[in-house]
Amino acid sequence: MTPPPAPEQPGQPGLPYGTPDAPRVAVRGEAHLEVDPEIARITITVAARGTDRRSALDDLTRRNATVLDLVKSYGDAVERVETGALSIAPELARRGRGERVRTYHGRVHLTAELTDFTALGELTTRLADLDLTRVDGPWWDLRPDSPAHGRARRQAVQEAVQRAREYAEALGTTLAALVELADIGAEEGRSYGAAQRGVRMAAMAAPGGGPGDEETAPLDLEPQRQHVRAQVNARFTMAPPRL
């Protein structure tokens with residue numbers, strides 16, 4: 001029978017301990033930034049109804065084209081527009097015998113991503129003024145490759161180094177070497193340092209407005225500041241202090 005391996009002793013590799021000749025110090029570095037959002041997302045739901053499936057689908061196609069043309073007319077202010085789910089469903093009559101279709105309902109969902117927040121307020125207002133069109137949002141966010149994430153990570157590392165130096169100075173010594181640097185939760189696969197997602201700021205549903213209706217003033221939307229956090233664990237060795 002193979003004997004069990006001997007337990008590791010303090011100072012051996014793999015354990016967060018030092019030795020009298022190379023004592024270790026373990027610290028955590030944290031950073032929290034508040035930055036302006038870079039993008040805003042809105043979702044658009046276009047609806048249509050008709051007494052038969054064909055008329056409902058034709059009406060939905062027309063309304064969807066109107067919405068897409070309006071969104072794309074804003075050019076570079078709209079970074080992305082995508083079509084999501086599409087549905088055509090019958091509504092059965094509640095009275096009478098048998099299954100008789102009363103009307104058909106159609107819906108198509110779109111998502112638009114904007115970088116020009118001045119255009120955002122005007123676009124959401126014009127969309128909400130269309131017949132049977134609902135607008136939800138905006139949701140503010142940062143791009144995945146935003147420089148803000150790198151700034152937060154660098155600040156977290158700098159804070160860890162500064163904190164370790166202060167511990168070493170309290171012992172009358174200095175840091176010797178970096179032993180380990182890791183994101184908090186990196187071993188468990190969790191993600192840190194991501195921007196806090198923006199919450200919904202406006203939700204509008206428009207039953208419809210005729211072409212002759214007075215034009216609605218654009219909404220004045222204030223971008224929501226985004227919170228970016230980063231946390232690291234760091235271990236250093238120190239020169240032996242004189243205690």
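A crossing of two helices is called left-handed if the near helix is turned anticlockwise from the far one by less than a right angle, and right-handed if clockwise. I begin with that because the term right-handed applies to the pair α1 and α2. Please keep in mind throughout that this is a predicted model.

So, the helix pair. The axes of α1 and α2 come within 11 Å, and they cross at roughly 165 degrees. Angles over 145 degrees count as roughly antiparallel, so α1 is roughly antiparallel to α2. The crossing, as I said, is right-handed. As for the residues that meet there, α1 brings V67, L70 and V71, while α2 brings L123, R126 and L127.

Three of those names come back in the largest nonpolar core. That core has 26 residues, and the members touching the most others are I42, I44, V71, L120, L123 and L127. At least two residues each come from β2 (39–50), α1 (53–72), β4 (101–114), α2 (117–128) and β5 (133–141). Which of the elements supplies the largest share of this core? Helix α2 does, with six residues.

Take V71 as an example. Setting aside neighbours within four places in sequence, V71 is in contact with I44, V78, V81, A112, L123 and L127. Apart from this core lies another one, of 18 residues, including V27, A31, A168 and M238.

Next, a residue in strand β4, E113. Is E113 buried or exposed? It is buried: the relative accessible area of E113 is 7%, and the cut-off for buried is under 20%. Leaving out neighbours within four places in sequence, E113 has contacts with I39, A40, R41, A77, V78, E79 and R80. From E113 to A77 is 36 residues along the sequence, but 8.7 Å between C-alpha atoms.

V157 sits in helix α3, residues 147–170. With a relative accessible area of 29%, V157 is partly exposed, because that value falls between the 20% and 50% cut-offs. Not counting residues up to four places away in sequence, V157 touches L181 and V232.

Last, two backbone details. Most residues other than glycine have a negative phi, and most peptide bonds are trans. What is phi of L132 near? It is near 50 degrees, a positive value in a residue other than glycine. L132 belongs to the loop between α2 and β5, and at 21% relative accessibility L132 counts as partly exposed. The second detail is the peptide bond from G137 to P138, which is cis, with omega near -5 degrees. P138 itself is in strand β5.

To recap the helix pair: α1 and α2 are roughly antiparallel, with a right-handed crossing. That is what I have on this model.

Terms used: Residues are numbered from 1 along each chain as its sequence is written. This is a predicted model: local features need pLDDT of at least 70, side-chain atom pairs count only at pLDDT 80 or more; totals for chains, interfaces and linings use all residues. Side-chain values use heavy atoms; hydrogens and water are left out. A nonpolar core is a set of buried Ala, Val, Leu, Ile, Met, Phe, Trp, Tyr and Cys residues joined through side-chain atoms within 4.5 Å. Buried means under 20% relative accessible area, exposed over 50%, partly exposed in between (1.4 Å probe, protein chains only). Helices (H or I, at least four residues) and strands (E, at least two) are DSSP runs, numbered from the N terminus. Contact means heavy atoms within 4.5 Å. Axes are lines fitted to C-alpha atoms, for helices over the stretch in contact, and angles run from 0 to 180 degrees between N-to-C directions. Angles under 35 degrees count as roughly parallel, over 145 as roughly antiparallel, 65 to 115 as roughly perpendicular and the rest as oblique.
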